[in-house]
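User: I am new to this structure. Please walk me through it in short questions and answers.

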Amino acid sequence: MDHSMPQPPAAKQSASSTGQMDHSAMGHGTMPPEDDGKMDHGSMDHRQMNQGQKDQDKPAAMDHSKMDHGAMQGQMGSMDHSTMDHSQMNHGGAETPRTTSRTPIPVLTDADREAAFPPLPGHKVHDSAINNFFLLDQLEYQDADEGSTLAWDAIGWIGGDINRLWLRSEGERTNGVTEDAELQALYGHSIGPWWDVVAGVRQDFKPESPQTWAAFGIQGLALYNFEAEATAFIGENGQTAARLEGEYDILLTNRLILQPTAEVNFYGKNDPQRGIGSGLANTEVGLRLRYEIVREFAPYIGVTWSRSYGNTADFASDEGEDTNEARFVAGIRMWF
């Protein structure tokens, strides 16, 4: 810079108006060695001055290579975030607006609860309805030693869930002649979900002359759906008897069912007229295989085996009858 040259008035005014001059941004490398105290602003490199001013306005560059990041992380880890009041922090620089409900929720009252959940009507018991059921458990042909035999065993009831009138009937006809036949009419009262007590009368039509018995007992389902009946009888002339019956359905398939059955009879005293002896009189067991074409109708085949004991066997031998006999059976089972 040639300080010997006179300074223009505009340059003096500019220098006086700025007050201070950033000499660090001035290009001193281009200044001449002579220095007479005067500055030639006309020859100054103002582009470098402006660039220096912009660089000064920028934040100073930070040398991250010399920063101790481990210490910074330690200081940040030592901060107790649980004690910080995040509600006062301004995340993102914008204040979160607070909203209030214009329509406050009213307090729930008993009247509101009653309107939302009205009281239910009382439980109605349907055990007063009259229903009925009839099961022809066995209607079968038997190949007996004396000839062809038609046998039946049926049971039915009419009434409600607690009290019912039960009807039972069983018997057989051989070569067109009725050998045994009986009918029972019993009043049944439920004592549990699966058991009834029964009481009534039993009428024997055969063998020999008719005989009437008073009957009482229990019937129902034992474990694993085993159907059981135990009935005691008091007959004319002080005769007593007891009968145990049971049957069980074994489902081979959904429709093919194997049914074992058993019956045992006891008598209190001898009755030679009817061929009955005291004690264990006779037993009968059977095994029937049925196929349910529909639930209400099922044909079946099977075998039965009967045997007489004690005085009853003696009476049968005197009449020329067998005391031990096996029979092939075929029949149908239906209910409605």
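Predicted model: local features only at pLDDT ≥ 70, side-chain atom pairs only at ≥ 80, totals over all residues.

Analyst: Residues are numbered from 1 along each chain as its sequence is written, and side-chain values use heavy atoms, with hydrogens and water left out.

User: How many helices and strands does the chain have?

Analyst: Helices (H or I, at least four residues) and strands (E, at least two) are DSSP runs, numbered from the N terminus. By that count, the chain has 13 strands and five helices.

User: What percentage of the 336 residues count as buried?

Analyst: Buried means under 20% relative accessible area, exposed over 50%, and partly exposed in between, with a 1.4 Å probe and protein chains only. Of the 336 residues, the buried share is 27%.

User: How far apart are the closest N and O atoms of arginine 113 and aspartate 110?

Analyst: A salt bridge is a side-chain nitrogen of Lys or Arg within 4 Å of a carboxyl oxygen of Asp or Glu. Arginine 113 and aspartate 110 sit three residues apart in helix α4 (residues 110-116), so about one helical turn separates them. Arginine 113 is partly exposed at 41%, while aspartate 110 is exposed at 60%. Their closest N and O atoms are 2.9 Å apart.

User: Which strands hold arginine 333 and aspartate 137?

Analyst: The side chains of arginine 333 and aspartate 137 form a salt bridge at 3.0 Å, N to O. The pair links distant parts of the chain, 196 residues apart: arginine 333 is in strand β13 (residues 324-335) and aspartate 137 is in strand β1 (residues 131-143).

User: Which strands each supply at least two residues of the nonpolar patch?

Analyst: Patches are made of residues with over 30% relative accessible area and no salt bridge: like charges are joined within 9 Å, nonpolar side chains (Val, Leu, Ile, Met, Phe, Trp, Tyr) within 5 Å. The nonpolar patch of about 580 Å² includes Ile250, Leu287, Leu289 and Phe328. Leucine 289, at 31% relative accessibility, is partly exposed. The strands that each supply at least two residues are β11 (279-291) and β12 (297-308).

User: How far apart in space are glycine 156 and tryptophan 335, C-alpha to C-alpha?

Analyst: Glycine 156 is in strand β2 (residues 148-159) and is buried, with a relative accessible area of 6%. Contact means heavy atoms within 4.5 Å. Leaving aside neighbours within four places in sequence, glycine 156 is in contact with Phe133, Phe134, Leu165, Trp166 and Leu167. Glycine 156 and tryptophan 335 are 179 residues apart in sequence, and in space their C-alpha to C-alpha distance is 9.2 Å.

Definitions and conventions:
Areas by Shrake-Rupley, 256 points an atom, 1.4 Å probe, with all protein chains shown as cover.
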